[in-house]
2 protein chains.
Amino acid sequence: MNVAVMGYGTVGSGVVEILNKRGLCLDVKYILDLRDFPGDENASKFTKDFNDILTDTTVDIVVETMGGQNPAFDFVSKCLKAGKHVVTSNKELVAERGLELITLAKENNVNFMFEASVGGGIPIIRPLTFCLRANNIRSINGILNGTTNFILTKMIRENMAFDEALKIAQDNGYAEKDPTADVEGHDACRKICILSALAFGNHVYPKNVHCEGITKIALEDVANVAKIGAAIKLIGTTEKLSDGKIYIIVSPAIVLESSQLNSVSDVFNAVLVDGDATDEVMFFGKGAGKLATASAVVADALDCAEHKDLRRPIFWGPEKPELIADYRTVENQYYIRLKNVDKTAALAAFPGSKIIDGASDVSFITGKVTENAAVEIIKSLGADLCAMIRVAKA
Amino acid sequence: MNVAVMGYGTVGSGVVEILNKRGLCLDVKYILDLRDFPGDENASKFTKDFNDILTDTTVDIVVETMGGQNPAFDFVSKCLKAGKHVVTSNKELVAERGLELITLAKENNVNFMFEASVGGGIPIIRPLTFCLRANNIRSINGILNGTTNFILTKMIRENMAFDEALKIAQDNGYAEKDPTADVEGHDACRKICILSALAFGNHVYPKNVHCEGITKIALEDVANVAKIGAAIKLIGTTEKLSDGKIYIIVSPAIVLESSQLNSVSDVFNAVLVDGDATDEVMFFGKGAGKLATASAVVADALDCAEHKDLRRPIFWGPEKPELIADYRTVENQYYIRLKNVDKTAALAAFPGSKIIDGASDVSFITGKVTENAAVEIIKSLGADLCAMIRVAKA
């Protein structure tokens, strides 16, 4: 069966490499890229004209590894309408335009698959969609971005400031020159939006999700929470609340020692899914990397080949903005660090809170409280708020 | 679509519960069990006659949750031959008779699925078979039995002797009255055999695997390895060696602090798969439990329903006993504890070894050595061997 690969960057070239050497049932017929790759062993397959792929009826499966929304959306739409299966690793495309694309796929009775869009080579989309489907999913909490987890691990283990850790990540190729998408949480946000759609059945657009990166984390707080065995990680959360609303957020969070996410360090990713039948199950591994991500793309392509005439039921509905809870009104535990406050008064004002002995300033973990209420309490105490970080529930 | 459930024990009744309450596309038409369940809400569906199921052409999918090989093998074979898809949670059946059953399934163009046979509700069979198939699997290491992991966690954290920890496990329903299958490693052995077949393509019969349980683990060794942050766990390993042979073993193993398996405690299971594209990916969760295991069975049944006329490519070949390495000849690191030996002489005899400071007797982690060679060295030292435990490579 013939495959076309659109985008010959890191992931796309990994896909071609795996397909060439593994002797699978898939042959690469075209590689679409506007750049030239002199001396590349796949020279005969290159094209700069998308229409070569679109109009070739012997191409059944198209792999999209260009990244970005444009022209990826246009190309993928046209391929689906032409009855071709499409596999992508492009999380921005899925998070922003996924609803339109799965709808097009359904209308044209083809598959649109995106295992590689979350967690790189870690199996998560298919296990969540198929293996766990006898569950009602209660929540998903994930370390979804390896760059930020690497930086935070440096900050935790080596007491290194954010800027310095970022530089090391860049020097090692773990962070891009412009690290905004990673460190501001946008990449993690796209991924939690995709997982939320699969788990709870409605599209969530990244712009509607509260997203906070790791640039403002103070080493003081990293050290404080270490005293209770906890770690600060960038956590993407989507959770179904008892009133039916979805609590979806990307932000730094305190991961307690008892959590399986606590020991997930360096560039590793992990996704913890809590289902009503299975309880917590976790998927762990490297969330990026050429061959890892490419292997997930190839697995999807093989699935498409096997399901040439049978659509896999991957689907969700439109966004329901009214279902997205205001994160400031959702009860949670928080880590709080205050200055200019009486310790006893602070603890009394936050029932159920536990002081962190030996920490700087007045630092404690609260009982359940909303962010809005906590802010009011701190105001009434006349205290200076130095840090407030949610405690991850997983 | 109609389903028949054979065996109304813990898992089978969980399957019926999920199918009844989830409003899925599957209806339970028969429940086969020789026992009576007076007052059960599914009374109208019970039968004691397997032929009711076999001859009913409206039953497309049969769930086998009886356990054991007989009559499960006979019933499952007949169902497959009759063109019915079969889903099972029965690891003994898959490990001992899986080859015959997948062959029958293939011949009759139906599916034989067994996600629940390893790791309960944790997705592992399908991710390994489908999501990771663009990888060459290098090894699988797993904590595959919750009962023994619970007992070992008690020994590690509370310095509790094996017998006492076993009693608590039994009192809490985590261990059976006759705990042999768990504590002697037979249960874990069946599971690593199944994973090995899927990863490397040939059936491995449990009787051909070196299998050692946890009953002989001394608290002294638990305490010694804790000094370097390591833990003793019951680990099932299957690994492709550079000579093409398979190193497959179930035994206690030292799990170093750097391993993601180190923090897997209590009744939790985890399977670490090392692929040449993804590197290590891990699947974690509760490895047993009524609804968790039942949810995996139901997911398989739904997959069968979607693939009513399309076989999922789950297949492997016959055992090749010549491919199974003698574990005593495979190089590994070992934890060794010796008495009546000079420390310096012992360390000199094991190049690359690292003493465990503060441990009892002469305790150290070796460099790479085979078990056969290590035994010879210890003999030549005239030392008393108190403990020798392999170091898990994951």
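Helices (H or I, at least four residues) and strands (E, at least two) are DSSP runs, numbered from the N terminus. This is a predicted model, in which local features need pLDDT of at least 70, side-chain atom pairs count only at pLDDT 80 or more, and totals for chains, interfaces and linings use all residues. Residues are numbered from 1 along each chain as its sequence is written, chains are lettered from A in the order in which they are written, and side-chain values use heavy atoms, without hydrogens or water.

**View 1. A:Ile232 in strand S9 of chain A.** The strand covers residues 231–240. A:Ile232 is buried, at 1% relative accessible area. Buried means under 20%, exposed over 50%, and partly exposed in between (1.4 Å probe, protein chains only). Contacts (heavy atoms within 4.5 Å) of A:Ile232 include A:Leu152, A:Ile217, A:Pro252 and A:Ile389, leaving aside residues up to four places away in sequence.

**View 2. A cis peptide bond between A:Asn70 and A:Pro71.** Omega is about 5°. Most peptide bonds are trans. A:Pro71 sits in the loop between strand S4 (59–64) and helix H3 (72–81) of chain A.

**View 3. A cis peptide bond from B:Asn70 to B:Pro71.** Here omega is near 5°. B:Pro71 belongs to the loop between strand S4 (59–64) and helix H3 (72–81) of chain B.

**View 4. Positive phi at A:Asn159.** Phi is about 55°, yet A:Asn159 is not a glycine. Most residues other than glycine have a negative phi. A:Asn159 lies in the loop between helix H6 (146–158) and helix H7 (162–171) of chain A. A:Asn159 is exposed, with 55% relative accessibility.
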